[in-house]
Amino acid sequence: MRKYNHREIEPKWQERWEGDDLYRLDTDRNKPKWYFLTMFPYPSGRLHIGHWFMYAPPDAKARYLRMKGVNVFFPIGFDSFGLPAENAAIKRGVDPRVWTYDNMDYMRKEFRTMGASYNRNHHEVVTSDPDYYRWTQWLFIQFFKHNLAYRKKAPVDWCPRCNTSLAREQVKGDERRCDRCQAQVIKKDLDQWLFKITNYAEELLDFSGIEWPERVQTLQTEWIGRSEGAEIEFKIENSNSSITVFTTRPDTVFGATALVLAPEHPLVSELTTKNKASIEDYVFQTKRASEIERLATTREKTGLWTGSYAIHPFTKEPIQIWIADYVLMNYGTGAIMSVPAHDERDFAFAKKYNLPIPVVIKPANWDGQTLPNLESGEMINSGEFNGLSNEEGKKAITEALVKMNQGSAAINYRLHDWLISRQRYWGAPIPIIHCQNCGMQPVPDNQLPVLLPSGVQFLPTGESPLKLSSEFKNTTCPKCQGKAERDTDTMDTFVDSSWYWYRYINPDVPNAFMDKDKSHWLPVDEYAGGIEHATMHLLYARFFAKALNDMGLVDHREPFKKLFNQGLILGEDNQKMSKSRGNVIDPDKLVEEYGADTIRTYLMFIGPWEAGGPWSSTGIEGIVRFYRKLWNLVLEPSSTNDGVASATEIRSLQRILHKTINKVGHDLEHFQFNTAVSSLMELLNYLIKAKDTAISQTPEWKEAIKTLILLIAPLAPHISEELWEALGESYSVHKESWPKYNASLAADEVFTLIVQINGKLRERIEGVSLSTTDEEVKELALSNPNVAPQLADKEIKNVIYVAKRLVNIVVK
RNA sequence: GCGAGAGUGGCGUAAUUGGCAAACGCGCUAGUCUUAGAAGCUAGAUUCUGUGGGUUCAAAUCCCACCUUUCGCACCA
């Protein structure tokens, strides 16, 4: 008998499948469709084990669904713009294009060794191909034309190591570090392009109609940060100006004892009538501080009085106007009313500067002392509003303000517009021409794509390398034909990845970003990828779908119906894999040693897919044995060739077989790969034991072996194909249907009755017929020779029978 | 500080969702095979669900408190 040799069979089948284009997309529109998307990789060089963990289990699910008769669209591509290519270029003097495209060639081969069943021919998307980024640029222009892309000069987050500006989502933690390189970001004043994602803030909070994990919904909801309240206008004494504040507590307006402005607030210099020098110094220090490390909450509150007064809209009394750096310019209106009795920060501020602290809300159980008090209660010291509950007060005061024309209800979001300008080379150029006479002009469609120039220097100057290419930069205005300059920034690579699933359905369509004729595939039915994209890619993707829908370009508002987040694969030491820790697992070596089938299966077996977990180099041995045993089971002749199998034995074989068909199908459907594998192991163990009995001579046995191979096919495409062929079945096992589950064959005829006394296990009675009546079962338990003596001198208070499971005898 | 999740044998984990705790796998022990080792085969052991309380005939599962831990947010008015 041949031995199982993955080195021989895996490349053999991979070549044949590729030669036959076995996984070409089925165009049959009568079958139910399933657009199954996995987050496409950045071409970093080679696949690491994390890629395998991310891509191999979904491949098993895709294969399973195909066997179930579903028309599965399962594409792959590369998110191939981005900084690493450029950094490599700077470091080693290679063209980023060469570096990127070499990497992709290598990784495509690796995907092949994985045995992945992607519909790759005629569907692969590469975001750095001019044919792709032409449409990224075209979409930018549509956003521009619909006022969803705009340019603004503002202080932006700047990563000094990556030498580019970043979106707010891409700055992490209280130390404000770059999501990509962990360097601390600084603030810079720059002219930047932004996408108006805030237009969709409200709708992005609505997850009805999509099945996404609670966790991602929470992350996005918190990121958007909706809060409801009011804007209140305070007139300034002896001035025509006024200050508008945002508050979630209009009910506490009578407790306001100061207005506090962010130091960057535009009215600061106008309002400063005292200590001009120290105010200017404070403003300067604040700007500097925000550039250096900001030690947020624990820092003592500081501030200065401007010397000016505002008029309280209700009491008409003057209240001081201060500046303080605990008020942020980029949230709300950059100004607040300070209500020390009912806000912790305002309380600390008022304490420090001896501002009055009037109480205006009295909670029912309040001790009359503790401040600040954030609970709800009855309004006091609030003029005509006294006696209302503060919830009523919110409404009443807002209404009063509206009447006075000094305020209105307002909703604020923490979400900011998405800053997409990047001062780097390897990205899609922003297709805008700046003309001195005509202003900003989009590049006409027939001039797209705006190609990246080659032969550019990649010195990390902090300015786009495109600026240095006069050939790129100098152009003519499409409107007046006069001399003009191209925008030299490139787009955030998250723009590239915000629409790639539309291109997959036909990357070759020449005259549109998406092939409308094939849009029946949309939206994506299921999307699998890491949780780290919760507030970046996944938020941008939803924004794009909604914006494109508003422009009439797609007919849905949510791009991904279901979302599933896999976990992270860790090193053997339970730590994140990294070169510096030396705990990196190289899949290419594993393929050589164990073969793709074994690696795939082990990655699925390691634990729940959403949990991730540590790699184990001994654990994988269990899968090695599993496939060796499978191989031997199928190919080694049985030692028995006489005798007659009993009906009970045959039923028992069918029972476990059909239970496994059901279980594996269910588990693959729900990404529960680990339990699918373990139930296949159970079945295999059963069959190995049964093999040397008479049952191995029955037709049911042959059927069982075939079924086992079909059940394993999605997990291990190579060995299953090989064994399928060895059984004399026709090519290919991957074109076969999933075994049909027969519930009556899976059904039990007897069960094991558990007998408990006061909840403690006392006896197991095997082989109780399912047709036994409740009374008979109870009697069976009570009269059992191991149970009855224990009941002899006790009073039986209750006998509980849980059908087909257990009897619990309650005694005293 | 706020919010969300997770704690089960030596290890990775499972438990039909309130009903036999530990299936499956790793590791371990013994036997067998072998010139020997590895592999294989056979047999086996360990543990009692983070802690404390509650609900229930019955709790890994539900409720409360605490501990540990992972993740997210960071003065958001």
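1. An open sheet of four strands has the order E31-E30-E33-E32, and its pairing is mixed. Strands here are DSSP runs of E with at least two residues, helices are DSSP runs of H or I with at least four residues, and both are numbered from the N terminus. Two strands count as paired if DSSP finds at least two bridges between them. The edges are held by strand E31 (760-769) and strand E32 (796-802); each has a single partner strand, so one side of each is left without a neighbour in the sheet. From one strand to the next, the twist averages 15°.

2. The model is predicted: local features need pLDDT of at least 70, side-chain atom pairs count only at pLDDT 80 or more, and totals for chains, interfaces and linings use all residues. Residues are numbered from 1 along each chain as its sequence is written, while chains are lettered from A and ligands numbered from 1 in the order in which they are written.

3. Within the sheet of the opening point, E32 and strand E33 (residues 806-811) run antiparallel and are joined by six bridges. One pair can be located directly: Ile-800 has Asn-808 in E33 as its bridge partner. Helix H24 (residues 774-782) lies across strand E30 (750-757), E31, E32 and E33, and runs at about 60° to E33. Such angles run from 0 to 180 degrees between N-to-C directions, and the axes are lines fitted to C-alpha atoms, for helices over the stretch in contact.

4. Strand E21 (residues 432-435) runs antiparallel to E22, and four bridges join them. Ile-432 has Pro-442 in E22 as its bridge partner.

5. The axes of helix H18 (residues 620-635) and helix H20 (residues 673-691) come within 10 Å and cross at roughly 40°. H18 is therefore oblique to H20; angles under 35 degrees count as roughly parallel, over 145 as roughly antiparallel, 65 to 115 as roughly perpendicular and the rest as oblique. The crossing is left-handed, meaning that the near helix is turned anticlockwise from the far one by less than a right angle.

6. Which residues of H18 and H20 meet? Phe-626, Lys-629, Leu-630 and Leu-633 in H18 meet Met-681, Leu-684, Leu-687, Ile-688 and Lys-691 in H20. Contact requires C-beta atoms, placed from the backbone, to lie within 7 Å. By class, this contact has seven nonpolar, no polar and two charged residues. Ala, Val, Leu, Ile, Met, Phe, Trp, Tyr, Cys and Pro count as nonpolar, Asp, Glu, Lys and Arg as charged, and the others, Gly among them, as polar.

7. Some backbone details deserve a check. The peptide bond from Leu-448 to Pro-449 is cis, with omega near 0°, and Pro-449 is in the loop between E22 and helix H12 (470-473). Leu-522 and Pro-523 are also joined by a cis peptide bond, with omega about -5°; Pro-523 lies in the loop between helix H14 (500-504) and strand E26 (524-530). Asn-147 is not a glycine, yet has a positive phi of about 55°.

Methods:
Contact = placed C-beta atoms within 7 Å.
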